[in-house]
Amino acid sequence: MEITARELNRATLARQLLLKREPSDIGAAVRRVVALQAQYPASPYVALWNRVDGFDPDDLDAAFADRTLVKATLMRITLHAVHADDHRVFREAMQQTLYASRLGHRFAAAGLTPGDAHALLPDLLAFAEQPRSADELRAWLAARLGAEKTPGAWWGLKAYATLLHVATGGPWSFGARASFVAAPTGPPPTDREAVPQALQALVLRYLAAFGPASVADIAQFGMVPRAPVRQALRALGDAVEELKGADGTVLFDVPGAPRPPADTPAPPRLLGMWDSVLLAHADRTRVIPEDLRRVVIRVNGDVLPTLLVDGRVAGVWRPVEGGVEATAFRELAPGAWDGLAEEARSLTALLARREPRAYSRYEHWWRRLPDGQVRLLPG
């Protein structure tokens, strides 16, 4: 079976709740979209505002506070908010990647080995059974390793250890000073191999939320090697099916998953920084035109807040005094601008309750943008 590029776009948007906001409790919504990137504390809130009908940020506060949702280093070795019930299997699926990246060269440069890490982990996690600040955890390591080894040890272990970030309040639940607590799942496995069943589970969840997708797409989502991904797909057997993309690429999907027609309307959206739909595929042209990829994804990995028009990135936005400044890099129809203006009014109301100038620390990128059509969308 073949699937066109536009059908691929609509399938992904449908599964990411970007074709229509749907009523949902917070936990169920996050499980449905798998994970929310959470480097910047506002982004999970903006992501759910884009996806959940009647989204109330207080509900997300509560979910973080009672740890229905947890924030941890997971896919692509970056911070994600996931449902607590998913944390263990996602962490196990990431084992090979986290082992290689965090117990590798920089860890060794501190004079430490993976064996040293695994010897430390049980006591470190016991110390972190109650919330601890980064300073407290560094001091704990310094008392055992000495001051010289501590920076490298903490760099590796804060991502490799099964530590969760603790909600500390503030406008978006998590402040600039991180606090950590041990996950209830215990230490990670003692070797670098991914747990095969965990990777299979992650592949199925990924396909349900972002598919159809190629081996390269799946590997990109988790930053895991392609060989284990192929092994997982083989092991899944009839639980996945194959399709052919417009360019002949073999794609995999979950049987029965939504694949709306190509002409399904896609309403305008204002995606926050690092929205997962922009980063979950190796081939990002399903949502980002190739000529805009380096515009919205900067050289250091910052992913700007984007305008999504007819299901694809058309520009960027930022909060300003009086509303949202939108910059479009192609001509937009009047109806598209009207839809973006309606979104801006709603988004401005959300930000006004928390952080009216969210993402302002990244405004230096606006000085380097290509020319575009700029409009103030009043709040």
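**Figure 1. An open sheet of 5 strands, paired antiparallel, in the order 9-10-11-12-13.** Strand 9 (269–271) and strand 13 (373–378) stand at the edges; each has a single partner strand, so one side of each is left without a neighbour in the sheet. On average, and ignoring direction, neighbouring strands here are turned by 30° against each other. Please keep in mind, as you look through these views, that this is a predicted model. Helix 15 (residues 334–352) lies across strands 9, 10, 11 (312–320), 12 (323–328) and 13. The helix runs at about 50° to strand 13.

**Figure 2. Strand 10 and its pairing with strand 9 and strand 11.** Let's zoom in on strand 10. On one flank, strand 10 (residues 306–309) is joined to strand 9 by 3 bridges, and the two run antiparallel. Look for Leu270, whose bridge partner in strand 10 is Leu307. Strand 10 also pairs with strand 11, again in the antiparallel sense, over 4 bridges. Here Thr306 has Val316 of strand 11 as its bridge partner. Strands 10 and 11 form a hairpin with 2 residues between them. In that turn, Asp310 has a positive phi of about 50°.

**Figure 3. Helix 1 (residues 5–15), a mostly covered helix.** You can find them by name: Leu8, Asn9, Arg10, Ala11, Thr12, Leu13, Ala14 and Arg15. Note that this list includes Arg10 and Arg15. Which elements cover the buried residues of helix 1? Among them are helix 2 (26–33), helix 11, strand 8 (250–253), strand 10 and strand 11. Just after helix 1, Leu17 takes a positive phi of about 60°.

**Figure 4. The crossing of helix 11 (residues 196–210) and helix 12 (residues 215–222).** The axes of these two helices come within 11 Å and cross at roughly 105°. Angles of 65 to 115 degrees count as roughly perpendicular, and helix 11 and helix 12 are therefore roughly perpendicular to each other. Which residues meet at this crossing? Helix 11 brings Leu202, Val203, Tyr206, Leu207 and Phe210, while helix 12 brings Asp217, Ile218 and Phe221. By class, this contact has 7 nonpolar residues, no polar ones and 1 charged residue.

Figure 5. The structure holds 13 aromatic pairs. An α-helix has 3.6 residues a turn, so residues three or four places apart point the same way. Why do Tyr206 and Phe210 count as buried? Buried means under 20% relative accessible area; Tyr206 is at 1%, and Phe210 is at 0%. Tyr206 and Phe210 also take part in the contact with helix 12 seen in the previous view. Elsewhere, ring pairs link Tyr40, Trp274, Trp317, Tyr359 and Tyr362 into a cluster.

Definitions and conventions:
Residues numbered from 1 in each chain as written. Predicted model: local features only at pLDDT ≥ 70, side-chain atom pairs only at ≥ 80, totals over all residues. Heavy atoms only, no water. Pairing = 2+ DSSP bridges. Axes fitted to C-alpha atoms, helices over the stretch in contact; angles between N-to-C directions. Contact = heavy atoms within 4.5 Å. Parallel < 35°, antiparallel > 145°, perpendicular 65-115°, else oblique. Nonpolar A, V, L, I, M, F, W, Y, C, P; charged D, E, K, R; others polar. Phe/Tyr/Trp six-rings, centres within 6.5 Å; stacked < 30°, edge-to-face > 60°. Buried < 20%, exposed > 50% of the residue type's maximum accessible area, 1.4 Å probe, protein only.
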